Amino acid sequence: MRRYAVLLALWVISVAVFSVRTPEFLSLRNMLDMTRHFTEIGIMALSMTALLIAGGIDLSVASVLAMSGVVLGWLYRAEVPLPLCVLAALLSGVAMGAVNGICIAYLRLPPVIVTLATMALFRGLAIGFTGGEKVSGFPQSFVALGQGQFFGFIPKQLPLLLFLAALAWFILHRTIWGRHIFAIGANETAARFSGVPVERTKFLLYTASGLMAAIAGVLYVARFNTAKADAAMGAELDVITAALLGGTPITGGEGSLVGTMLALLLLSTLRRGLDMAQVGVEQQAILIGAILIAAVAFSQQR
């Protein structure tokens with residue numbers, strides 16, 4: 001609860017500071033619209049939180065997002081019906097997550113090494129599929145998923161993010177599988193001797209991470225009306241920062257999806273406020289990197 005209070009206090013301070021600098025920042029439309037730009041990050045942060053609790057990590061999520069979007073765009077350009085394009089994009093995310101899961105769970109390779117390698121691999125495949133070209137011109141009914149609003153001010157992505165957050169919370173805190181995830185992160189050897197299916201649980205976690213990244217990829221394509229290989233470059237930094245800042249330590253064994261969502265709100269506010277204050281992307285990256293270091297240091301001390 002102390003961490004939640006700190007995150008809320010930091011959010012209130014951020015809103016106050018940016019409101020003084022840019023009066024329109026405090027408008028309801030702006031506050032809701034900024035969630036549109038962090039929905040993809042939030043969806044991936046949900047699965048990243050579960051992975052960190054289990055003692056893992058996935059550095060390839062942004063590359064999976066890009067590759068899934070490219071699959072959608074590539075098939076659409078080939079005149080495949082759009083619903084099948086979306087399904088193929090989601091299945092491609094599941095397949096990429098399964099590759100990570102097999103290497104980490106069954107071949108017992110280090111998660112950082114595996115996902116660092118697949119981060120480059122999946123991004124390279126996305127570039128190879130498109131040849132560096134972008135695919136655009138999607139139907140307005142699909143684009144509305146990323147750009148549309150309910151009642152004229154609620155972004156259409158927001159209910160999906162909240163639903164997935166509620167589902168992830170229920171799985172983590174109210175199911176046997178969720179208890180297995182915490183047990184693996186706390187002590188993998190003890191969990192194995194207690195009958196926890198460690199390998200299968202890890203495999204399913206990484207597969208789910210691929211699916212969540214693919215969902216984010218579909219939303220990304222809809223929001224920008226473009227499928228491109230360089231989509232969400234560096235987004236894995238924001239995803240990991242949201243999870244760590246929300247109270248999930250890098251060492252695993254504990255964590256909080258509520259904290260992740262509060263951290264996501266804070267990061268979204270910072271990004272939006274800095275954009276409106278015309279602070280450069282490089283300076284924003286430095287700030288987010290500093291926040292990530294501070295979050296890791298705090299979790300290690302705790």
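Analyst: Let's start at R192, which is partly exposed, with a relative accessible area of 32%. Here buried means under 20% relative accessible area, exposed over 50%, and partly exposed in between, with a 1.4 Å probe and protein chains only. Please keep in mind that this is a predicted model, where local features need pLDDT of at least 70 and side-chain atom pairs count only at pLDDT 80 or more, while totals for chains, interfaces and linings use all residues. Residues are numbered from 1 along each chain as its sequence is written, and side-chain values use heavy atoms, leaving out hydrogens and water.

R192 forms a salt bridge with E188, with 3.4 Å between the closest N and O atoms. A salt bridge is a side-chain nitrogen of Lys or Arg within 4 Å of a carboxyl oxygen of Asp or Glu. Both residues belong to helix α10 (residues 188–193), and because they are four residues apart, about one helical turn separates them. Helices (H or I, at least four residues) and strands (E, at least two) are DSSP runs, numbered from the N terminus. In general, an α-helix has 3.6 residues a turn, so residues three or four places apart point the same way.

E188 is partly exposed too, at a relative accessible area of 28%. E188 also forms a salt bridge with K202, where the closest N and O atoms are 2.9 Å apart. This pair links distant parts of the chain: K202 lies in helix α11 (residues 198–224) and E188 in helix α10, 14 residues apart. K202 is buried, with a relative accessible area of 15%. Through shared partners, salt bridges join R108, E188, R192, E199 and K202 into one network.

The count of salt bridges comes to seven. Another of them joins the side chains of R77 and E133 at 3.5 Å, N to O. That pair also connects distant parts of the chain, with R77 in helix α4 (residues 61–77) and E133 in the loop between α6 (111–130) and β1 (135–136), 56 residues apart. R77 is partly exposed at 42%, and E133 is partly exposed at 47%.

Now step back to the whole chain. It has 14 helices and four strands. Buried residues make up 54% of its 302 residues. The C-alpha atoms fill a box of roughly 55 × 50 × 35 Å, taken along the principal axes.
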